[in-house]
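Work through these exercises with the sequence and the model side by side. Try each task before reading its solution.

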Amino acid sequence: MKTKLRKTAVPAVAAAIFSLMFAGSALAHCDALDGPVITEARAALESGNVKPLLKWVPAKDEAEIKRVFADVLQVRGQSETAKNIADQHLFSTLVEVHRASEGAPFTGIKPSGQIDPGLMAADAALENGQIDRLVANITRKIENGIRERYHEAQRARAMADQSGDKGRAFVADYVNYMHYIEGVHGAAGGQGHQGHQGH
C-alpha cells in the first residue's frame, strides 16, 4: 500500500503532515555527517565560535558543549589524526545531547548521503525562503496516498461478501485506509512540536 493529496488538502496543513511523515526513526538527519547539526559544528570549529552550536542543546547542557568545544580546539592543531578524533568527539557529544533533549536515542553518527530527500527539501526551503514547492510536493503525495487507499478499499468492499478470504482482504484494506486517514487528520490538527523524536 502506498502514500499521497493535492487540491483537496489545505496547503497550510503540509507542515503538520510533514512532521508526521518524517518524525524520528530512520529519517532522522541531525545525526548525519551532512546533517544540519554537524554541518554547523564544522563551521563553528573553523571560526572558533561555539555560540551557533548552543541552540542545538538545552540551556542546562551549554556548559558541557562549551567545555568539549574548548578541549577540541586545543587538541585539533596537534596533527591531522588528532584533529579528526577531536572533531568526531565534538560531533558525537553535540548530537547525543541534542537527541537526548528530544527524547531520542543516540545510535552513532550516520554517514553522509543518506538523508531523506523530503528532509533535505525542508532544510532547503528554510535556506532559500521558498516554501511553495515543498508544500505542493507533500500535499500531492498525501492526496495520492488517500486516493490509492480509498480505491483499494472500494474494490475490496465490492467483493467482501463473496467469501471469508475476500472479506478479510477488505478488512485489511479498510484498516489501512482508516489508519492512514487517522494519521493524516491527526497531523493536520496542528500538533506542532509534539512527536519530534529525532529529526
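**Exercise 1. Find which exposed residues sit on the face of H5 turned away from its buried side.**

Solution. 
- Step 1: Locate the helix. H5 covers residues 117–128. Helices here are DSSP runs (H or I, at least four residues), numbered from the N terminus.
- Step 2: Sort by accessibility. Buried means under 20% relative accessible area, exposed over 50%, and partly exposed in between (1.4 Å probe, protein chains only).
- Step 3: Gly-118, Leu-119, Ala-122 and Ala-125 are the buried residues of H5. Viewed down the helix axis, they fall within an arc of 115°, so they line one face. The arc is taken from the directions from the helix axis to the C-beta atoms.

The model is predicted: local features need pLDDT of at least 70, side-chain atom pairs count only at pLDDT 80 or more, and totals for chains, interfaces and linings use all residues. Residues are numbered from 1 along each chain as its sequence is written, and side-chain values use heavy atoms, with hydrogens and water left out.

**Exercise 2. Check the span of H5 and inspect what lies at its ends.**

Solution. 
- Step 1: Compare spans. The 12 residues of H5 reach 16 Å from first C-alpha to last, close to the 16 Å expected at 1.5 Å a residue. The expected span is 1.5 Å times one less than the number of residues.
- Step 2: Look at the N-terminal end. Asp-116 caps it, with a side-chain oxygen 2.7 Å from the backbone nitrogen of Gly-118.
- Step 3: Look just past the helix. Gly-129 has a positive phi of about 70°.

**Exercise 3. Trace the salt bridges that involve Glu-46, Arg-76, Lys-83 and Asp-87.**

Solution. 
- Step 1: Set the rule. A salt bridge needs a side-chain nitrogen of Lys or Arg within 4 Å of a carboxyl oxygen of Asp or Glu. The whole structure holds 9 of them.
- Step 2: Take one pair. Glu-46 and Arg-76 meet at 3.7 Å, N to O. This pair links distant parts of the chain: Glu-46 is in helix H2, while Arg-76 is in the loop between H3 and H4, 30 residues apart.
- Step 3: Compare exposure. Glu-46 is exposed at 60% relative accessibility, whereas Arg-76 is buried at 13%.
- Step 4: Take another pair. In Lys-83 and Asp-87, the closest N and O atoms are 3.7 Å apart. Both residues lie in helix H4, 4 residues apart, about one turn of the helix. Lys-83 is partly exposed at 24%; Asp-87 is buried at 7%.
- Step 5: Join them. Salt bridges link these four residues in a network.

Conventions
Helix = DSSP H or I, 4+ residues; strand = E, 2+ residues; numbered from the N terminus. Polar contact = N/O pair within 3.5 Å; in protein donor to acceptor, adjacent residues only side chain to side chain.
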